[in-house]
Amino acid sequence: MKLYRIKKSNIDKKGRGLYATQDIKAGTKIIDYVGKLITKKQTEESDKYDNGKPIYLFTINKRYDLDGDFPWNKAGLINHSCDNNCDYDGKGLRIWVKAIKDIKKGEEFTCDYGFGFDENYKQFPCKCKSKNCCGYIVRSESRWRINKKFAMSNKNRLINNSR
Ligand SMILES: [Zn+2]
């Protein structure tokens, strides 16, 4: 029996997501992340990867990336959350999604997409609504920088208001 089913996402209102069909223990493999292996050279030369769909591109090793931007890659439907219950794992040339927490039947699977923090982070707003959400999809090590930025702009506002 498949551990997931596809339905409308609670996080991405316009898209779909993957949901648990049964209770799942932490560490369980949920689904393979399948795609096409491409060389770094192809990544650099193709327009497709020109910052258009960074979500689906994985670094496999020094030579290869994995492009998961295909309709048959069901794992690509898993949405980002800052409080994710799954994570990507892999060995050799293969990548899969595994549970990192115990997950209850009916819960939506979520991963941490882990984009880098750069000037473009505002392109990817996050609507996961978790307590620790910083409002944007960036990898966890970078979130404090955004939080700090917001804290600073709030502080400035307070100072301005008290005048
Ligand atoms: Zn979030």
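Does Lys 40 count as buried, partly exposed or exposed, and what is its relative accessibility?

Tutor: Happy to. Please keep in mind that this is a predicted model. Lys 40 counts as partly exposed, at 23% relative accessibility. Its salt-bridge partner is Asp 65, with the closest N and O atoms 2.7 Å apart. Because Lys 40 belongs to helix α1 (residues 40-45) and Asp 65 to strand β6 (residues 64-67), the pair ties together parts that are 25 residues apart in sequence. Asp 65, on its side, counts as buried, at 5% relative accessibility.

Helix α1 also holds a second pair. Here the side chains of Lys 41 and Glu 45 meet in a salt bridge, at 3.7 Å from N to O. These two residues are 4 apart within helix α1, about one turn of the helix, and both are exposed.

Lys 101 and Asp 83 bring their side chains together in a salt bridge at 2.8 Å, N to O. Lys 101 sits in the loop between β9 and β10, and Asp 83 in the loop between β7 and β8, so this pair ties together parts that are 18 residues apart in sequence. Lys 101 has a relative accessible area of 33%, making it partly exposed, and Asp 83 is partly exposed as well, at 41%. Elsewhere, Lys 29, Asp 32 and Arg 94 are linked in a network of salt bridges.

The zinc ion has as its protein donors the SG atoms of Cys 82, Cys 126, Cys 128 and Cys 133, at 2.3 to 2.5 Å. Angles among the 4 donor atoms run from 103 to 113°, and the site is tetrahedral. For comparison, ideal angles for four tetrahedral donors are 109.5 degrees. Along the sequence, the donor residues follow the spacing C-x43-C-x1-C-x4-C. Cys 82 lies in the loop between β7 (79-80) and β8, while Cys 133 lies in the loop between β10 (110-111) and α2 (140-162), so this pair ties together parts that are 51 residues apart in sequence. Cys 82 is buried, with a relative accessible area of 4%, whereas Cys 133 is partly exposed at 23%.

Conventions. Residues are numbered from 1 along each chain as its sequence is written. This is a predicted model: local features need pLDDT of at least 70, side-chain atom pairs count only at pLDDT 80 or more; totals for chains, interfaces and linings use all residues. Side-chain values use heavy atoms; hydrogens and water are left out. Donors are N, O and S atoms within 2.8 Å of the metal (3.2 Å for Na, K and Ca); water is not among the atoms, so sites may look incomplete. Four donors count as tetrahedral if all angles lie between 85 and 135 degrees; four count as square planar and six as octahedral if opposite donors are over 155 degrees apart and all others between 65 and 115; anything else is irregular. Buried means under 20% relative accessible area, exposed over 50%, partly exposed in between (1.4 Å probe, protein chains only). A salt bridge is a side-chain nitrogen of Lys or Arg within 4 Å of a carboxyl oxygen of Asp or Glu.
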